[in-house]
Amino acid sequence: MKVTAKNRALIIAVSMLFILFFKYLPAPAGLSVAAMQVVGIFIGVLIMWMTISIDWPSMLCLAALAFVPGISMNSILSSGMGNATFAFLMFTFMCTHTLNQTPFIRRCAIAFLTTKSAQKSPWSFITLYFACALFLGTFMSPTVLVVILIAITEEIFTVLGFEKGDKAADMMMMGMVFCSSIGAGMTPIAHVFPLMAMGYYTTATGNTISYAQYMAMGVPAGILATVVMMAIFRFVIRPDLSGIKSLDISHLKSELPAMGKKEKYALAIFFTVIALWVVPGVVRPWLPAVYNYINGFGTAMPPLLGAVAMAIVTVDGKPLLDFKEATGKGIPWASLIMVSATLALGSVMTNADIGLTAWIGEKITPVTAGMGVMALVFLFAMWAAVQTNLSSNMVTVTVVCAIALPVCMAVPGVNVAAVASIIGMMASYAFATPPAMATIVFAIGSGWTTTSQMAKYGFILMFVGIALACGIAYPIGCLVM
């Protein structure tokens with residue numbers, strides 16, 4: 001529904017009623033006035049996030065939280081904009097922006113699609129096509145990746161003579177978008193939603209989830225989800241791929257420029273940053289001193305060092321990273337401000353003095369006491385997956401973590417870190433509807449697939465993701481966390 005000026009005014013008025021006056025309602029037994037105020041802020045801001053915008057309502061959230069008794073503005077800014085997750089994302093966006101200014105992503109995509117393996121058979125080509133989107137999606141924003149891959153994909157369609165409405169073109173466009181989202185759920189590298197869930201877990205428990213631990217869960221589940229997706233495409237859609245037998249896209253490779261110094265230096269710095277995130281967790285059992293030293297700097301230090309290095313290194317008299325351009329074009333500030341607001345909101349909601357999480361745990365524990373551990377894991381995985389396919393990913397992470405983490409902490413036998421990781425993973429698996437993620441809008445807008453097709457196969461893949469999260473990712477998480 002389009003939000004008209006009249007609707008917008010009404011939504012803001014209703015939201016402000018929750019923010020300003022919810023605290024005056026009779027509180028349930030055991031819930032403080034401050035907790036009621038936090039709940040009112042949460043509901044009011046959530047309404048605006050889901051209907052109007054994510055930017056200025058996030059700033060309103062930060063301001064409103066400062067009026068909660070016992071919560072200072074300094075503590076709000078510290079837990080929001082001063083949070084390591086906020087800094088991590090800002091520096092990472094700067095690094096990835098520099099990498100995106102080089103032909104590297106296009107070079108990777110074309111390299112995948114012109115290998116000998118890709119030329120063996122039509123389904124070999126399709127496999128490499130999806131593998132390309134999956135691999136690049138593990139360290140790139142899905143939105144940026146899909147924009148780049150749509151251009152390459154449409155060139156392929158032109159060579160093949162595909163027309164809009166062809167099953168094969170429909171399948172390739174859908175699968176590319178699906179794989180970009182699956183890739184985003186496989187690692188926390190440059191991906192907001194897993195990092196937010198990991199941050200909420202740290203706020204709630206004081207413990208951390210390492211990149212290696214998260215990836216131990218996310219990578220196997222993501223690969224299996226892609227395999228199942230391809231099986232569905234092959235045996236359900238059954239597209240005619242006869243045109244791919246004679247496909248020759250070698251001209252795309254010849255059009256690429258040789259790898260220059262800028263691309264080489266940017267790549268070297270970026271993959272060094274990734275190594276500083278991932279390697280410590282891998283070598284921890286054998287080199288605990290190395291792990292403790294590098295991990296002691298936090299997750300924001302590697303991209304900070306990377307951004308500084310890119311600003312220092314120059315090619316042809318120009319730095320790899322133009323600070324003004326990177327901060328102006330490379331950082332999605334609206335999303336980052338929302339991250340700040342949700343982190344601050346999560347911090348206040350889990351504040352022991354507010355008592356909200358203790359109250360939630362006390363009230364829900366009797367309800368969940370009869371549920372088995374896996375039933376509880378399934379409940380929150382399902383909730384996160386369904387909501388993220390119908391609304392904003394960041395709102396999903398915020399809402400589900402706010403409820404799930406205190407509940408899981410109160411139920412013996414539940415691995416809270418694994419549940420938090422699954423919530424971040426499921427929040428990335430946005431496949432089905434346009435509100436879920438901009439990538440779906442891009443795919444439908446291209447004309448090569450339709451809203452109904454994205455919804456049909458997107459929801460099927462969503463349930464596959466839920467099953468794999470509970471059956472594969474969670475047991476692995478229990479082993480490594």
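**A close look**

Guide: Helices here are DSSP runs of H or I with at least four residues, strands are runs of E with at least two, and both are numbered from the N terminus. The model is predicted, so local features need pLDDT of at least 70 and side-chain atom pairs count only at pLDDT 80 or more, while totals for chains, interfaces and linings use all residues. Residues are numbered from 1 along each chain as its sequence is written, and side-chain values use heavy atoms, with hydrogens and water left out.

Leaving aside neighbours within four places in sequence, Ile 364 is in contact with Ile 403 and Val 407, where contact means heavy atoms within 4.5 Å. The C-alpha atoms of Ile 364 and Val 411 are 9.8 Å apart, although 47 residues separate the two along the chain.

Now for a glycine. Gly 175 belongs to helix 9 and is buried, with a relative accessible area of 0%. Beyond its neighbours within four places in sequence, Gly 175 is in contact with Phe 130, Met 229 and Phe 233. Its C-alpha atom is 9.0 Å from that of Tyr 129, 46 residues apart along the chain.

Met 426 itself, apart from neighbours within four places in sequence, is in contact with residues including Ala 381, Thr 388, Gly 465 and Ile 466.

Next comes a pair of helices. Two packed helices are described by the angle and the distance between their axes. Helix 5 (residues 84-100) and helix 16 (residues 323-330) have axes that come within 9 Å and cross at roughly 105°. The two helices are therefore roughly perpendicular to each other. Axes are lines fitted to C-alpha atoms, for helices over the stretch in contact, with angles from 0 to 180 degrees between N-to-C directions. Angles under 35 degrees count as roughly parallel, over 145 as roughly antiparallel, 65 to 115 as roughly perpendicular and the rest as oblique.

Which residues of helix 5 meet helix 16? They are Phe 93, Met 94 and His 97, and the residues they meet in helix 16 include Phe 323 and Thr 327. Thr 327 is buried, at 18% relative accessibility. Not counting residues up to four places away in sequence, Thr 327 touches Met 94 and Trp 333.

Arg 238 lies between helix 11 (211-237) and helix 12 (250-254), and is exposed, with a relative accessible area of 62%. Asp 316 lies in the loop between strand 1 (314-315) and strand 2 (318-319), and counts as exposed at 78% relative accessibility. Phi is positive at Arg 238, near 50°, and likewise at Asp 316, near 55°.

Key
Buried < 20%, exposed > 50% of the residue type's maximum accessible area, 1.4 Å probe, protein only.
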